[in-house]
Amino acid sequence: MELKKLSWATVVLESNETSILIDPLGAPIKGQDRPLAAKLGEPLEPLVSLGTIKRPDAILVTHFHPDHFDYQSVLDHFGEDVPLYLPKESESYAAKCGFKNVIGVSPNEDFIVNHVKISAFYSVDGFGSPQVAWVVNDGAYSLVHCGDTQWQGFWWRMEQQYGPIHAACLPVNGPILHVAGLSAQSSLPACLTPEEAVEAAKILNAKYLVPIHYGTFNNPPFYIEAENVEERLIQRGNELDVNIKILRPNEQLFLGDTIKQSAK
């Protein structure tokens with residue numbers, strides 16, 4: 001299995017000609033001035049266009065927040081009939097966006113895309129939106145993608161049900177958000193901090209922790225990313241003997257092998 005990181009939390013998996021796209025983001029986020037919208041701001045680095053990859057056999061969406069589900073870019077590049085899997089509670093939202101091939105999935109449900117087995121599992125959204133983690137297994141390697149989950153107690157069950165896990169794509173930027181329209185604001189991180197991500201990868205017994213969801217957005221005072229993310233990841237990884245694999249946009253990880261730079 002080959003893992004390629006695009007931007008933010010967007011990754012592409014390739015296995016024997018089967019292509020799986022997870023949490024697509026390919027253009028700056030629109031509508032950030034709406035009530036209850038997170039104001040991530042403009043990207044601090046160029047976003048990788050979804051037009052640089054081939055049409056996937058399936059798209060997996062952990063949750064419908066616009067930095068994880070750029071529906072317009074998906075429609076523009078892959079069309080309304082691309083197979084789209086997302087939390088069961090979000091089926092109607094995807095249909096309203098214009099998609100015709102929407103499959104809602106609940107935790108502990110499995111399905112097959114060609115030879116690849118995909119499972120939905122529990123994930124915890126920082127603002128209570130429906131969210132799942134995705135577990136992708138091609139018969140040789142297994143990968144988990146946890147969207148922008150907070151710390152939660154399902155790590156042990158995930159490892160028991162789906163291990164061995166060869167790569168864990170985990171959010172790491174521990175942001176503090178101020179969201180207009182909420183009755184009260186939180187001073188706690190809305191997703192995993194670097195140290196929490198390493199702890200989770202340790203419990204998952206993952207061969208690699210692949211950090212996602214950091215470095216692209218920082219928009220104080222509305223969206224404040226944790227400081228020194230990579231340094232903290234490496235330090236805690238060394239302390240817990242967790243292998244950190246930092247992927248830049250368009251870099252690839254061949255599970256069980258090495259990283260190489262994409263030609264795109």
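The dialogue below takes up packing, then charged pairs.

Mentor: Keep in mind that this model is predicted.

Trainee: Which residues of helix 4 are buried?

Mentor: Buried means under 20% relative accessible area. In helix 4 (residues 194–204), Pro-194, Ala-197, Val-198, Ala-200, Ala-201 and Leu-204 are buried. Seen down the axis, these buried residues fall within an arc of 160°, so they line one face of the helix.

Trainee: What do the buried residues of helix 4 pack against?

Mentor: Their partners are strand 10, helix 3, strand 11, strand 13 and helix 5.

Trainee: At what angle do helix 3 and helix 4 pack?

Mentor: Read the angle together with the distance between axes. Here the angle is about 35°, and the axes are 8 Å apart. The crossing is right-handed. Trp-155, Trp-156, Met-158 and Glu-159 of helix 3 meet Ala-200, Ile-203 and Leu-204 of helix 4. That contact has six nonpolar residues, no polar and one charged.

Trainee: How many salt bridges does the structure hold?

Mentor: A salt bridge needs a side-chain nitrogen of Lys or Arg within 4 Å of a carboxyl oxygen of Asp or Glu. The structure holds eight. One of them joins Glu-199 and Arg-236, at 2.6 Å from N to O. Glu-199 lies in helix 4 and Arg-236 in helix 5, so the pair ties together parts 37 residues apart in sequence.

Trainee: Which residues are linked in a network with Glu-199?

Mentor: Arg-236 and Glu-239. Glu-239 meets Arg-236 at 2.8 Å, N to O. Those two are three residues apart in helix 5, about one helical turn. Glu-199 is partly exposed at 28% relative accessibility, Arg-236 at 23% and Glu-239 at 46%.

Methods. Residues numbered from 1 in each chain as written. Predicted model: local features only at pLDDT ≥ 70, side-chain atom pairs only at ≥ 80, totals over all residues. Heavy atoms only, no water. Buried < 20%, exposed > 50% of the residue type's maximum accessible area, 1.4 Å probe, protein only. Helix = DSSP H or I, 4+ residues; strand = E, 2+ residues; numbered from the N terminus. Arc of directions from axis to C-beta. Contact = heavy atoms within 4.5 Å. Axes fitted to C-alpha atoms, helices over the stretch in contact; angles between N-to-C directions. Left-handed = near helix turned anticlockwise from the far one by under 90°. Nonpolar A, V, L, I, M, F, W, Y, C, P; charged D, E, K, R; others polar.
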